[in-house]
Structure formats: C-alpha cells, structure tokens
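I opened the model to look up a few local features. My entries follow the order in which I checked them.

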Amino acid sequence: MPAELPPETYRRLSQADFQHIQDDDTTPSIQPLPTSETPVFDVRTLSVWYGDRFALDISDGFQIPQDSITAIMGPSGCGKSTFLRCLDRLIDLTGTAVVKGKVVFNNEDILGEKVDTVLLRKRIGMVFQKPNPFPKSIYDNVAFGARIWGYRGNMDDWVESCLRRAVLWDEVKDTLDKGGLALSGGQQQRLCIARALAVKPEVLLMDEPCSALDPIATYGIEQLMIQLKQEHTVILVTHNVQQAARVSDYVGFFLGNGQKPGRLVEFSTNEKIFTSPNLQQTEAYIMGRFG
C-alpha cells in the first residue's frame, strides 16, 4: 500500500477528497514496454478539444503492445472513450472535435492529414458499448464488410469462420437467415465482433462491450477477448475494475473531470497495477474508494 493510503482509510472518498485527487498534479507513472514487446501504437502526444472544452491531454508518451489486451480504466468523464475514438479516427465524425498530436500505428502517424481513414478503420475495428447489428440477417451482418472489401474466397466458409471465432456459430448455424436484431444481447455483441473480424482487422477496440450484458454473457465475451489476442491487439475501455484485472495484460489509468482534461496518469502491467500501483489515485480507484 502506498503511504498516502493507509489501510484504515478504506472508506469511500468524500467529495472534497475526490476533488483533491482529481486536482492532484502528480507526475504520471508510465512504465516502458519490455524490449521483447512490439508496440502497435506509440502514443507520443495527444490533445482533444470539443469546442472550447479541453477534453484530453496526453503529453507523457506511452506504447501499447501488439497481440495483447490493454485495458483503459478510470472514472466517468476522464477521456477513455475519446482516447479510443482517436485510435481509429472516429473522433473525426464529431463535428466539434479538434485533435492534435502524434500517434504512430505501425510506423504511420494516424493523425496526419493524408491518412486514409476508411482503410484505417478496416485495420482497426470497433465494438461499441451497445450492440448494433445491422437490420440484416446474421449471415449478411458478417458478410457485409467482407463484400465491400472485395473478399474473393468462399463467403459461406468465411462467415462460418468468423462466427466460430466469435464463439457464436453453434448457436446460429441453423438460423443464418434470421435477423441479427432478434438475437439476445450477448449474442448480438458476439455478432458485432464477428462482423468486425470479417474485414481482418489488426486491432480491435472495445468500448465497454459488456456494460449492458448479464454475467453469463459477460463471461463469454471475456473468454473471447482472451482468445482473440492470439491474432489481434485488443484495447478495452471498461468501468469494471474486476474485468480489467481478469482479462488484461496491460492497464492504463486515466483521470480527469469536466473542469480538467483527461490524462493518462499510470500505465503498467496488469500485475503491477493490481498489486502495487505507483500512484495513490490508482490505488484508490482500484479499491473502489471513488469512481
């Protein structure tokens, strides 16, 4: 335990205590990747404004390793989802957003003006908080992106492969012509993952994919994430500290509120974050004292 948080203070933080933690300008603790790890993202600097509101300020660079699960956690309003949307440039679709900085994805600065954002979003898929199947059949949900990108193989086999990888095939193989919207919440989320996998992304971004699911469906998605990291980099935004502890290899902890921009204050391995974090803010959040 850090000295600033002795065991006898495990009460919930008062509003004044919470504001003190939010206002603390502690130097971020960013652990560099081991030389054995290959970074897929090198976030050097990143600033985001929504109109005149300064929403995100990352000035201490960090790297996200390839073929791993990185969990991004922190209280509401700290810029987690904003950060995620910068990685595939979905932030561009928010008319008031202004983004500056340098984020390198496989040796290319994805914030550059000449970046093909359509191709970028093929390479970096997104699964949202609320499942959003297309109003099409299960089959066509998966085949849609593959057709657009000119998949030339056997489409039936490819749809089956993607549904198998999303651990959904056995549940839907006899009803592929059924509408995707008729599935349960957990099945819809796995269908959205299969749809994302169909265009062969290198990275899968997941923005609180289990927040609307029951424990059984959540367990299924978590096991799927662990399987997917064998071939994909997964970056997960979650409010569920236990989920981050269960599935992640690395963890980034963000702080911020409506008055101050979100910023990354600690980044390290799962073991380090959940057993001996360097910052009192990280410790307090993990212990459930604020958030």
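I looked up glycine 150 and got 38% relative accessibility, so I logged glycine 150 as partly exposed (buried is under 20% relative accessible area, exposed over 50%, partly exposed in between; 1.4 Å probe, protein chains only). The model is predicted: local features need pLDDT of at least 70, side-chain atom pairs count only at pLDDT 80 or more, and totals for chains, interfaces and linings use all residues. Residues are numbered from 1 along each chain as its sequence is written, and side-chain values use heavy atoms, with hydrogens and water left out.

Glycine 150 sits in the loop between helix H4 (138-148) and helix H5 (155-165). Helices (H or I, at least four residues) and strands (E, at least two) are DSSP runs, numbered from the N terminus. From glycine 150 to valine 199 I got 9.6 Å, C-alpha to C-alpha, across 49 residues of sequence.

Next I checked the cores, meaning sets of buried Ala, Val, Leu, Ile, Met, Phe, Trp, Tyr and Cys residues joined through side-chain atoms within 4.5 Å. The largest nonpolar core has 37 residues, and Phe41, Leu46, Phe83 and Ile235 touch the most other members. Strand E2 (residues 39-50) supplies the largest share of this core, 6 residues. A second, separate core has 36 residues, including Trp169 and Val247.

Leucine 46 has contacts (heavy atoms within 4.5 Å) with, among others, Ile58, Phe83, Cys86 and Leu111, leaving out residues up to four places away in sequence.

I then took helix H2 (residues 80-87): 6 of its 8 residues are buried, so H2 is largely enclosed by the rest of the structure. Among the buried ones are Lys80, Phe83 and Cys86. Arginine 89 follows H2 and has a positive phi, near 65°.
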